[in-house]
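Please open the structure in your viewer and keep the selection tool at hand.

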Amino acid sequence: MQDVWTKVDNYFGELLAPSDDGLSAALKENKDAGLPPIDVTPLQGKFLEFLVRVSGARRVLEIGALGGHSTIWLARALPGGGRVVTLELESHHAKVARRNLDRAGVLDRVEVIVGSALDTLSTLVSSGESFDLIFIDADKESYPEYLGWALQLSRLGTVIVADNVVREGRVADSDCDDPRVQGVRRFAELMAAEPRLSSTVLQTVGSKGYDGFALSVVVG
Ligand code: DHB
Ligand code: MG
């Protein structure tokens, strides 16, 4: 099925999420710089843009910048005066991301913070920050902790989105000993048990294979 998923992804992607100089240069730059090829697809980027627009988010937090391809989609969807804060562990990735964001014309709206996201999140909480939309897309082992911090950085109505929660279906295998799958399962259990969240999961197929997004809104 992968062939047809890719074909359909390309069909709708070219129609609805066409590339431009900023986006295509970022993807090329990421590849040339040796970053892992795990950027969101164009249609997934457009989905992030959709979520920012429909939620009216002005303050966006991204956990896991990689080379900033998803960050460009998030930043472009912001209203005037809006900001994205994006957290990245690897200084090499952050450097590539800043260059990509600059070339795409959005660096003035984005703050790239290098370091362990768990440390940075704690600092953001201490400084009283809050966000309207939070996109979790970093190491899967830490998703449970990221959810806890995301809640502390939320207000009523904040949207929390997490990438890669299906992992080719392995998430439904309770015996899977891959720590990334276990991290996502624990994340899902916390999401389910959290009375402040209303949550769902959207399974996806496309050029990145079979995966999915978790979607939550803070309701209490
Ligand atoms: C992986 C991480 C991602 O964020 C992604 O979108 C796809 C794969 C990974 O670590 O395998
Ligand atoms: Mg991802």
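A polar contact is a pair of N or O atoms within 3.5 Å; within protein, one atom must be able to donate a hydrogen and the other to accept it, and residues adjacent in sequence count only if both atoms are side-chain atoms. This is a predicted model, in which local features need pLDDT of at least 70, side-chain atom pairs count only at pLDDT 80 or more, and totals for chains, interfaces and linings use all residues. Residues are numbered from 1 along each chain as its sequence is written, chains are lettered from A and ligands numbered from 1 in the order in which they are written, and side-chain values use heavy atoms, with hydrogens and water left out.

Begin with Thr71 and Glu62, whose side chains are joined by a polar contact of 2.6 Å.

Next, select Asn30 in helix α2, which spans residues 21–32. Its side chain makes a polar contact of 2.9 Å with the side chain of Asn100. With 1% relative accessibility, Asn30 counts as buried.

Now select ligand 1. Which residues surround ligand 1? They are Ile38, Asp137, Lys140, Asp163, Asn164, Arg167, Arg180 and Lys208 (a residue is near a molecule if one of its heavy atoms lies within 4 Å of it). An oxygen atom of ligand 1 is 2.6 Å from an N or O atom in the side chain of Lys208. A polar side-chain atom of Asn164 is 2.7 Å from an oxygen atom of the ligand, and a polar backbone atom of Ile38 is 3.5 Å from a ligand oxygen atom.

Stay with Asn164, which is found in the loop between β5 (159–162) and α8 (179–193). Is Asn164 buried or exposed? Asn164 is buried, with a relative accessible area of 8%. Although it is not a glycine, Asn164 has a positive phi of about 65°. Most residues other than glycine have a negative phi.

Finally, select Glu168, also found in the loop between β5 and α8. Glu168 has a positive phi of about 55° although it is not a glycine. At 56% relative accessibility, Glu168 counts as exposed.

Technical notes: Helix = DSSP H or I, 4+ residues; strand = E, 2+ residues; numbered from the N terminus. Buried < 20%, exposed > 50% of the residue type's maximum accessible area, 1.4 Å probe, protein only.
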